[in-house]
Structure formats: C-alpha cells, structure tokens
Amino acid sequence: MPQRSKRFAILSERDVNRDSYIQEWPDAGLIMMHSPHDPTPSLRVEGDEIVELDGRTKDEFDMIDRFIAAYSIDRRVAFRAMGMDSLDLARMMVDIRVSRQDLVALFCGVTPAKLVDIVSHLNVVEMMMAVQKLRVRKTTANQAHVTNRKEHPALLAADAAEAALRGFAEEETTVAVARSAPFNSLAILVGSQTGRGGVLTQCSIEEAINLQLAMKGLTSYAETLSVYGTDSTFIDGDDTPWSKSLLAAAYAARGVKTRFTSGTGSEALMGHSEGKSMLYLEARCLMLVRGAGSQGVQNGSISCIALPESLPGGVKGVLAENLMATMLGLEVASGNDAMASHSDIRKTAKLMLQFLPGTDFITSGYSSMPKEDNLFGGGDFDAEDLDDWNVVQRDMQVDGGITPVTEAEVIRVRDRAARAIQVVYAGLDFPPITDAEVAAATYGHASEDMPDRDKVADLAAAEAFLHGPETVVNVIKVLAQSGFTDVAERVLDMQKQRIAGDYLQPSAILTDAFHALSGINDPNDYAGPGTGYRVVGARWEQLKNIPQAKPPDEVVRPSAAAQRPWTFRAKGPASVGTDPREVVIAVGPAFGTTITETLSGIPHETILRELMAGVEEEGLIPRVVKVFQTSDCGFIGHHGAQVSGSGIAVGMQSKGTILITRNDLAPLNNLELFSMSPNLTAESYRTIGRNAARYAKHKPVVPVPSIIDNMARLKYIVKTTLMHRKETECVRSDAPAREMDVEFGGR
Amino acid sequence: MSVDPSRDYPLAEKHPDWVRAPSGLSFQEITLEKVLAGEVGVDDLRITAETLRRQADIAEASGYAALAANLRRAAELTTVPNERLLAVYNALRPHRATRQEVDTLCDELETLYGACETVAFIRTAIPVYEAKGLFRRK
C-alpha cells in the first residue's frame, strides 16, 4: 500500500465522507434530470381528448398517462402553454413583471416533460427566486414531528405544547405500535392546543384508522397519501391514482385537510424507474396530485433524500421538485425531514434552498424532540438544533416558521399540557398519569427521562377508546370540568374549524386566533423588491429577540471579584520622571474606575499588582500613571514613556490589551505588543512587568510567548467593542495624565 | 349560490351564518356551554355537503378547479359511512375487486347517496383497469 497523505487521511474521516456518492446510471433511474430515456414534451388534442402526451400516443398510454390526460391538463390553455418556448417560460418565472397568478394558470396546460424542460433552464438561485414568487401562501410556516420511543402521553403532550408555542403550524405524530394511534393523536391534540390555539394535527397511520380518528375529532389533517411516477411502483404501493383520489375526497368529506406525498428516488429505490430521470417521474407525480384534487403535496424527496444526495445535481433537483409543485399551484411542505447527510455543513447548505426563498412549510417535519425519539426516522433538524435555526432566522431576517421562546414559557406550557392530558386520562378512566410523570415530561428532554408505563394497559385502553363511544366531546367536557376551560375552548374551536372547512383551501394554516390563512385570503403576491412576505414589524421583533441576545450594558457589567475595594486615586498631574530605575505603567482613562476588569474578567487590581511585582522583581520601581487624552493602546504607552525616568513604559487599555514601549519610538511602534488580552493570564502580566524592567536595564529580553487562539476574536468582539466604547467615553482631550495612588486591598 | 372569495372567505369569520352542523345547529350555537349541557354531540362536529360545496365554489373562483372537483366529490360522500367509504376505496386498489363489484359499488353510491360526480370519476377508471389488468380476476 503506497504511503497515505495525512491530509487525505484526515479528509476521509470527515462527516461528509460518511455519505454515499455514486455516478449517474440512467438505466436504473439513478439520474436527477435528463435521462436519455426521458421523453421530449408533446401534446396533441383531438376534440376534447388528449391523444398524445410526451411522445406517447393514446394507445401507448400507461395508467398514469391516462389519469393525467383525463384530469391534469387544462385544455383551454394547453395549446398556448405547450406552444411557448420553455426558455421563455423559465425567464417569465424570474421576471417580476409576470404575476404568479398568470404563470400558474398557464402551467395548468403543460405536460410533465414540459414542466421538467422549463425548470431545467434555471440555475439554483433562479429556482429560489421562482419559489419565492410562486409558492401558494404569502406567509411562510413550518411543520413539526412529535413522537417518542415510549409513546409516553405526557411527553407527547408536553412536546406538542412546546412545538405549538414555538410557532409550528402543523404537528404530525405516528406510532411505534399501531394500536397507540388514538392515544398519540389525543396527546398531541390536547398538548398542541395548550401551547397555542389553531395548530393542525395528524397521525400518520393506516387509512381506515386515520378516518376513524378524524371522525372522533382527534385529527385535522392527513398527508399519508403517497403517489409514484411509474405504474409498477404505484401498484407495488398498493394503490392507483383513482384509489388515492377517492381517499382524498373521503378525508375532505370528514373535514380533514389532505396533502399528498411524493418525492424523487422512490421509483428507483423500488426498482421501477423505467430508466427515467427522478425529476421527470416527480413531474408525473405532481401532475397526478393536482389532477386528484389535492390542495398540496409534501415533496423534496422526503424519505429517499439520501438517494438524490448521492447524485450530481441532486440537491438542486430536490429544489426543482418543490418548484414544480408551486408551478402547479400546490401547497408544498418541502422535505428537510429525513436525514439528508452526516455533515452539518451539507445539511445546512441544502436547507438554505427552501429556507431562504420560503415555502408553505419549510420542513415537512422538524423533529421537535431529539432525533432518537423520532419514530419517522427523521430528525434532519431536531430539538437540539432549535437555537441554530432561530439564530439563522435572525442572521438573515428570514422567517423559517419557528418563534424564539424562553425557558420559563416552555416549562409553563409543558407542565400545563402534561397536566391537561393527566386530567383527560383520569376523566376518561384511562391508565393514570402520575404527578411524577407530569414532572418528568415538564423538565425532561427525551423518552429516557420518562418513567416506563404499563404498555399493555395503555394499548388495551387505546383500543377500547378507538372502538368505544367516547370522542373529542368527552375530552372537551373533562378539560372544562377540570380547570382547563381555555384548552377545552381551543379543542372545540378546532372542531368548529372542521365544520367550516376553511382549512381545506390551498395551503391553509390557522393563526392562534383561529384565523385561516390560505392561498385564498393570503395569496403570495411577490412581485419583486418591496412586495410579498417581508419579515418586518412585530414578526421581526419576535425573530430578532432571541433570549440569548443581552442588553449591551449587561455584557460589560463587572463581576463580583472586580468590585472588591482597593485604592486607586488620582493625585496631581504626572511630572516627567528623572530616576532611570523607574518604569511607568500607563493605564487608560476608564481603568480601575468606570471599568474594573479586563475582557476576560481579570480584576484591574490583580493586573496592576502583577505588573508592579514584575517590575520590582527586577529591582526597579513601578510608577502608575493614568492617561486621559486617549483610549488607544499605542498612545497610552507613548504618553507613559514620555514621563518615564527610564524612558520605558507599559501601556494598557482597560480591556487588558497591553504593550511595552520606549520614549523614542513612534506612538504606534512598540517593543512588545499583546493585542489579544483574553490570551493573557495574571502570570503573563507579571512577565510583562519583568520584561519592561529588563528593557529599562538594557538587559537581554526574551519576548513573552504569545498564545494563538483563533476563536478569541470571535468570542470577545462584542464585549471588546462595548468596553472600548466605554473607555473612549472617558477620554478628556484637555486633561493631562495623572499620578496614581495605588493601595491593594487584602485578599 | 354565488361566492366572492375576497368577501366571503374564511367562512368561519365572514359567513358563520352559512355554516351549519348536520343536525342543523348553527355555527354560533356550537359553544362550550352547549357541549357541557350535552346539547352538542360528535355528530354535530361534522362538515356538511352544503359547506363543502361552498368551499368548492371558493376554490373554483380562485383558480383551483381540480381541488374544487375533489371538494364536490367529498360533498357527496359526507353521508356515506366510513365502512362503505373504505369498501369503495379498497375496491379501487389494484387487484382487489372484479369489474362487477366496482359496478355494484357505483350503483350503491349513486342510488343511496346520490354521489353522481364520484361515480362518474370512478367510471373513468374502469377502462384503464380493464386495459391494465387491475381488476381481480374472479
């Protein structure tokens, strides 16, 4: 084996190299766009009948073609849309003078291959511009996953409440054991409405149970309707476009919002890509979704995400999927749920493609709990990434659908939600939830913090609940009768929303006041700078005020150690010294008075004690002088050197930046400079004092070794700025330097 | 009935007077007090065919024709029990039902529930299922 480069060996261990990468293989469908087997766009209509679609004649149509030909192409605009040049259409998508409404109407007349042909002209930034303009709802939002391995009801309720408080518009749970579905749905319904009103909830579960849950009033949306881009995959998935459409109507008949699921990679994974590119197959899915009458879709590869990520242009292609959904007027919940990479850099880079332009739901499942508890196998972004998300929103003034919250608020709603589900369990005679479980759910982080429950008893009770007469009405009664009237009201309001059906409209969410926002009354009206959704006003206040952001004066508030009494008094003006044994220690105008410690928190008293001791160790005499005319370190030292008997001075700012200089050097020159004060210890200051004395004695000096810490500037730049500003405020240009009287307090 | 989406939507706020529970109870009458008094049951907390058609009109007027068609099919299915709905759904899955069984279900939907649009929709599947062999062979 030839000798390994150490650099390559280190690179091979990086997270990004734990991901898989393969070269394109069109025959296996392992290609994002432009498979040689993809058809060229074509459409022929005779009378009202489509007789040719993307190169296939009527007699060659497969099942999906036949559905698309019947339901997905608007004959009134087809001739015009198909006759337009794809490049022109692509340019119209990023042209602010062409409205979203006009484009979406036009795209009702295109075929799947035409859709792909249009987006293939856009680069990734243009795709982001197009998504910003074409998404359905003006206001962006986000969806949360709420699950845990133990299926613990108190933890589910607490996590649901926290997610609601954090601003998620939808919450989705699922099951470890299918029989848990009614209890998990109940827990997130009660929990979410405790956190804030208006959160839509669902349980990902088999359709028959799902419909029963909806009938009991336990859920308000469903996104379990998966579709595929080839007949064989569809049939392996045990459905047809007609069966899925019927299901969509069935859910709507129960007042349940539905969203289909598609996404690149599933056909290749299931072995039936027919050699077509992932994006072309997704275009077929999306046209089918619209034809079926779904208001929206979750796509962006979803659970297959690692497959497009293994291919060239895969991440761009995933954005193209989201974009095609918006072109068809579909609400899009844009993935970012399943694990996309081992690398945080790569995950975040991918996220930006949806996060920056904004989609209807930036993720189709942000793991509101740690990923270990995510029963969807998701968690690309999880509870431990919440602050990163909040900070990036604040950095870019972008609304990623999550609101910063305080620990106190979170504890309050978690406790209340856990108590609410506790009273519901007690009132409906379910296996009791103890106070210890409530406390664990309130303060815990994950399943491992929760006591185990009697799973057998829970499952039996859940099954009895599903088949028994109790419904959400009993839940509302128990809540109202147990001191949770506000939660009862909100759970009832969710039922009333089901009756009104406003959230069945495209891309609908509910505000905390149960006001529906959808493509009908909050349509995306982006038309260039100054239009569309802007993060301003109250929302910007929410997003910018993360709890970690401190008031500036708090950053420079001195520690207790720096408030210990010591004597540091100005006497008369500093005279020019004559004793060659004297070393001047010149300090800045705020030193020991307005400011009492350095950047890294070393009290000024300690600094002076060490510097003076260092000078004395070399047998010389330290003399402390305070300079008022400047806050600049070089000039402070320079002023000191001018009055020093030996001509040597140490110049120091209050934040601790220090240098040694001599009276014949230019103000900005020096003998030694220590510009990164956080790297200095008390011991370093003593050595600096010693070195200054040795310069005064004309003895050889070994410069104080400097420590390199690349992170120091990053860590301290805010505090540096604020401290320097404080010191500069103390500058008096007409005040001469003063002699200082120093007496150290006892230790 | 004609709707103007910009004037009438959301119904819950702009036109609660148009929204009724299946029992005829009005939207405003559905209150916590009435729930506690036992005057509102789970059957009152369902969407009606009329409301779904109203939402379909709103969708259609806003340019969402396919969604509107789905909501109109949904309107027809509000009174179909879950178990019958699931029977229709299952019959439409690949290789589950014979052509004749699907025909029978269509007749049931049409005669018992007046679900004409749903049936018309299902019937477009029949030649496809025949051609692609998606009906169960006996």
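Helix α12(A) is mostly covered: 13 of its 13 residues are buried, where buried means under 20% relative accessible area with a 1.4 Å probe, counting protein chains only. This is a predicted model, in which local features need pLDDT of at least 70, side-chain atom pairs count only at pLDDT 80 or more, and totals for chains, interfaces and linings use all residues. Residues are numbered from 1 along each chain as its sequence is written, chains are lettered from A and ligands numbered from 1 in the order written, and side-chain values use heavy atoms, leaving out hydrogens and water.

**The helix**
- α12 of chain A covers residues 241-253; helices here are DSSP runs of H or I with at least four residues, strands are runs of E with at least two, and both are numbered from the N terminus.
- Just past α12(A), A:Gly255 has a positive phi of about 70°.

**The sheet**
- Four strands of chain A make an open sheet in the order β7-β8-β9-β10, paired in parallel; to pair, two strands need at least two DSSP bridges.
- At the edges sit β7 (221-226) and β10 (331-333) of chain A, each pairing on one side only.
- Four bridges link β7(A) to β8 (residues 257-261) of chain A, and A:Tyr221 stands opposite A:Lys257 in β8(A).

**Over in chain B**
- B:Arg72 belongs to helix α5 (residues 65-77) of chain B.
- Why does B:Arg72 count as buried? Because its relative accessible area is 18%.

Note on methods. The expected span of a helix is 1.5 Å times one less than its number of residues. Buried means under 20% relative accessible area, exposed over 50%, partly exposed in between (1.4 Å probe, protein chains only).
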